[in-house]
Amino acid sequence: MKDIFKIGDKKLHNFKVKAQDVAHFEQQAVHDVCATFTLAREIEWATRLFVLEMLEEGEEGIGTHLNIEHQSPALVGDTVEIEAKYSGIKEREIICDYRAKVENRIVAVGTTGQKILRKEKLARFFDSLSK
């Protein structure tokens, strides 16, 4: 793993909330706002932007935690900007803070963790689960 970032370094990722991004349970939309699981996917991608640059040959990242503290909803049609901030490395785990917002309104804040491991180690672990 390449240790190339400084605490406080930032990455930005934007996405537009589409109709398919709202929560559906039993084929019914709950409300026309961005679902938590959609927000989670986009947050993971924003913080993975650090991981992609840190990986060395034969390594891969795997999520260890994702914390989402909702502040306000993002409506269908809104563009959500996620600012991921590098917080450091702890035992090969990359920790990031993030803030998701629509214009100046905060949608969510929280943290993520992604551990960098050898691909072979991950493959062995996944194989052991299927036996």
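Student: Leaving aside neighbours within four places in sequence, which residues is His-65 in contact with?

Tutor: Contact means heavy atoms within 4.5 Å, and with those neighbours set aside the partners of His-65 are Glu-93, Ile-95, Thr-111, Thr-112 and Gly-113. Before we go on, this is a predicted model, where local features need pLDDT of at least 70, side-chain atom pairs count only at pLDDT 80 or more, and totals for chains, interfaces and linings use all residues. Residues are numbered from 1 along each chain as its sequence is written, and side-chain values use heavy atoms, without hydrogens and water. So, to repeat the partners of His-65 by name: Glu-93, Ile-95, Thr-111, Thr-112 and Gly-113.

Student: With which side chain does the side chain of His-65 make a polar contact?

Tutor: A polar contact is a pair of N or O atoms within 3.5 Å; within protein, one must be able to donate a hydrogen and the other to accept it, and residues adjacent in sequence count only if both atoms are side-chain atoms. At 3.3 Å, the side-chain partner of His-65 is Thr-111.

Student: Is His-65 buried, exposed or partly exposed?

Tutor: Buried means under 20% relative accessible area, exposed over 50%, and partly exposed in between (1.4 Å probe, protein chains only). His-65 has a relative accessible area of 30%, so it counts as partly exposed.

Student: Where does Ser-72 lie, and which side chain does its own side chain reach in a polar contact?

Tutor: Helices (H or I, at least four residues) and strands (E, at least two) are DSSP runs numbered from the N terminus, and Ser-72 lies in the loop between strand 5 (69-70) and strand 6 (79-90). Ser-72 is buried, because its relative accessible area is 17%. Its side-chain polar contact, at 3.0 Å, is with Arg-105.

Student: How far apart are the end C-alpha atoms of helix 1?

Tutor: Helix 1 covers residues 36-54, which makes 19 residues. The expected span is 1.5 Å times one less than the number of residues, so the ends should lie 27 Å apart. The model agrees, with its end C-alpha atoms separated by 27 Å.

Student: At which residue does helix 1 bend?

Tutor: The bend at a residue is the angle between axes fitted to the seven residues ending there and the seven starting there. In helix 1 this angle is about 35 degrees, at Arg-48.

Student: What is phi of Glu-91?

Tutor: Most residues other than glycine have a negative phi. Glu-91, in the loop between strand 6 and strand 7, has a positive value instead. It counts as exposed, because its relative accessibility is 64%. Phi of Glu-91 is near 50 degrees.

Student: How many helices and strands does the protein chain have?

Tutor: From the N terminus on, the elements run β-β-β-α-β-β-β-β-β-α. That comes to 2 helices and 8 strands.
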